[in-house]
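This briefing goes through selected local features of one protein chain, grouped by topic.

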Amino acid sequence: MAQTHLKAPNKKLPVGVFDSGTGGLTVLEAMLTLDMFNNETGKPGADGKPDFQSEFYQYLADQANMPYGNYAAEKKTDLLKEHIIKNMNFFLNTTYSVQTQNVFSNQQKQQVKMIVIACNTATAYALPDIKKHVEDLGYNVPVIGVIDAGSKAALQYQQKNIGTIGVFATAGTVASNGYPRTLKAMATQLGMKEPSIISQGGFGLAESIDRDWSFYVDTLTKARNTYKGPSVKNLNYTIDTTLLNVYRFNKNRNELLCEYDNTGKCLDIQLNEPANYVRYHLVSLLEKMRNEHVQPAMNTLILGCTHYPYMKDTIAKVLNELYNYQLNGEYRYRAFLAEHVELIDPSVETAKEAYIALRKNDLLNNAAKEGNHFFITIPNTSLKETQLQPDGWFTYEYKYGRVAGANKDYVQFVPFNTKNISTATYNRFKVALPHVYGEIVKTIKL
């Protein structure tokens with residue numbers, strides 16, 4: 001039961017930012033760079049100073065349990081909620097783990113004063129549960145979710161440019177119906193007509209961006225039985241061989257893998273690079289619009305997973321290719337795809353809502369800020385039942401075979417290092433998220 005008098009957090013505490021992986025760092029980048037308010041008055045309008053200039057952060061990536069988008073398909077949303085609540089407890093607790101060989105020891109950290117859920121799937125399935133859990137523990141800690149922010153930005157564009165809104169998100173977020181439900185409710189509040197909405201679950205894309213072994217291994221040279229992503233043989237996410245000229249998959253090195261029979265005939269095609277996942281899913285989205293005669297043309301696409309902004313340039317490039325694609329002298333998709341598609345990155349809108357919440361709750365830091373901390377979950381190898389892949393992370397079968405309510409510590413919460421995050425991923429941060437990267441290198445040597 002919620003306590004009558006909730007404990008107000010100390011203004012000097014850090015802000016917690018959470019995601020299932022490293023995609024939520026796009027939200028942190030927006031928070032580090034946001035200048036859309038006057039820092040003295042709090043009113044809208046840039047003043048040349050970062051809005052969060054006095055704040056510092058704890059970032060948490062639940063890498064061991066990701067991808068979150070697959071829990072719904074495996075009928076394990078109760079387990080997903082349990083993982084999320086454990087992550088919230090980490091923010092509210094005061095310890096984290098340090099690993100020396102296979103031994104874990106506790107170190108002290110601070111609690112957080114606000115939690116930003118920079119994960120669409122977690123927001124879709126657990127935001128009310130998170131808020132209730134925090135309140136039941138007796139904390140007056142604001143919790144900000146990412147879906148409202150993305151929906152708000154999409155509808156603002158739609159007020160001047162009517163078209164179909166595309167929702168490109170994880171399979172779990174799409175299954176939750178979180179975006180369509182929020183978009184329709186917000187449209188009603190704004191006095192707008194109910195928007196036309198089409199959704200595409202980007203199965204495997206976030207996983208490939210975070211280099212999940214089941215979806216992307218950059219050292220492979222041939223197809224494999226352990227692959228889980230879209231393929232010719234995948235009945236749920238089937239690569240249509242009649243559309244190969246439309247997909248225009250990248251084929252350099254090992255970015256597209258084939259399984260051959262003894263005669264050299266390709267029996268299966270597997271994706272092995274994030275851009276190819278983008279190509280597969282955007283073609284699938286437009287084919288769905290063609291088959292279902294969805295109108296008007298799509299002119300807005302919500303990047304409904306915080307990993308997807310990493311691929312923003314690729315998404316824009318592929319949409320342009322598809323707009324100009326011709327078959328037998330006819331444009332295949334122009335009736336369903338606008339020449340310009342507004343890509344909605346919810347990160348900035350989420351950062352704005354977080355700033356407003358800090359001021360509203362009188363939580364802006366008025367003291368010298370401290371250093372940022374970056375945490376990640378890793379498999380708890382002291383748990384004997386743990387089953388690991390060759391790359392050291394949970395096997396797919398173990399990850400989704402667990403059941404809620406077992407009361408087990410499946411993971412340990414440890415700082416970012418060069419073992420639990422690859423060099424290639426850090427290099428991606430350096431290019432795409434320079435401010436976040438600059439803060440990470442203050443904590444570890446890269």
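The side chain of Thr26 reaches the backbone oxygen of Gly23 at 2.8 Å. Thr26 itself sits in helix H1, which covers residues 25-33. The model is a predicted one, and the points below describe that model.

**Thr26**
- Thr26 has a relative accessible area of 7% and is therefore buried, the cut-off being under 20%.
- Beyond residues up to four places away in sequence, Thr26 touches Thr306, Pro309, Tyr310, Ser347 and Leu433.

**Nonpolar core**
- The largest nonpolar core has 135 residues, and the members that touch the most others are Leu25, Met31, Ile117, Leu301, Ile315 and Phe416.
- Helix H9 (residues 274-292) contributes the most to this core, with 9 residues.
- In soluble globular proteins, nonpolar side chains tend to be buried together.
- Leu301 is in contact with Leu282, Leu285, Ile315, Leu319, Val341, Leu343 and Ile344, among others, when neighbours within four places in sequence are left aside.
- The contacts of Leu301 also include Gly166, Val167, Phe168 and Glu342.

**Helix H9 and the residues after it**
- Of the 19 residues of H9, 15 are buried, and the helix is mostly covered.
- H9 is followed by His293, which has a positive phi near 55°.

- Asn177 is in the loop between helix H5 (171-176) and H6.
- The phi of Asn177 is near 65°, a positive value in a residue other than glycine.
- With a relative accessible area of 38%, Asn177 is partly exposed.
- H6 runs over residues 178-189, and its 12 residues should span 16 Å at 1.5 Å a residue; the end C-alpha atoms are 17 Å apart, which agrees.
- Which residues of H6 are buried? They are Gly178, Tyr179, Pro180, Thr182, Leu183, Met186 and Ala187.
- An α-helix has 3.6 residues a turn, so residues three or four places apart point the same way.
- After H6 comes Gly191, with a positive phi near 75°.

**Arg332**
- Arg332 is located in the loop between strand S13 (330-331) and strand S14 (337-344).
- Is Arg332 buried or exposed? Its relative accessibility is 19%, so Arg332 counts as buried under the 20% cut-off.
- A polar contact of 3.2 Å joins the side chain of Arg332 to the side chain of Tyr333.
- Apart from neighbours within four places in sequence, Arg332 is in contact with Leu243, Glu287, Arg290, Tyr325 and Leu327.

**Val403**
- Val403 belongs to the loop between helix H12 (396-401) and strand S16 (411-415).
- At 47% relative accessibility, Val403 counts as partly exposed.
- Val403 and Lys76 are 327 residues apart along the chain, and their C-alpha atoms are separated by 7.5 Å.
- With neighbours within four places in sequence left aside, Val403 is in contact with Leu79 and Tyr410.

**Cavity**
- How many cavities of 30 Å³ or more does the structure hold? There is 1.
- The volume of the largest cavity is about 130 Å³.
- The largest cavity is lined by 21 residues, and those closest to its centre are Gly69, Thr121, Thr170, Ala206 and Cys305.
- Helix H3 (120-136) and helix H7 (205-209) are the elements that give two or more residues to this lining.

**Other backbone geometry**
- The peptide bond from Met66 to Pro67 is cis, with omega near 5°.
- Pro67 is placed in the loop between strand S2 (57-61) and helix H2 (77-92).
- Arg248 has a phi near 50°, which is positive in a residue other than glycine.
- The loop that holds Arg248 lies between helix H8 (244-247) and strand S9 (256-260).

Terms used. Residues are numbered from 1 along each chain as its sequence is written. This is a predicted model: local features need pLDDT of at least 70, side-chain atom pairs count only at pLDDT 80 or more; totals for chains, interfaces and linings use all residues. Side-chain values use heavy atoms; hydrogens and water are left out. A nonpolar core is a set of buried Ala, Val, Leu, Ile, Met, Phe, Trp, Tyr and Cys residues joined through side-chain atoms within 4.5 Å. Buried means under 20% relative accessible area, exposed over 50%, partly exposed in between (1.4 Å probe, protein chains only). Helices (H or I, at least four residues) and strands (E, at least two) are DSSP runs, numbered from the N terminus. Contact means heavy atoms within 4.5 Å. The expected span of a helix is 1.5 Å times one less than its number of residues. A polar contact is a pair of N or O atoms within 3.5 Å; within protein, one must be able to donate a hydrogen and the other to accept it, and residues adjacent in sequence count only if both atoms are side-chain atoms. On a 1 Å grid over the protein atoms alone, a cavity is a set of points where a 1.4 Å probe fits but cannot get out, and a pocket is an open set with protein on both sides within 12 Å along at least five of seven lines; lining residues have an atom within 4 Å of a point. Grid points are joined across faces, edges and corners, and a volume is the space filled by probe spheres set on the points.
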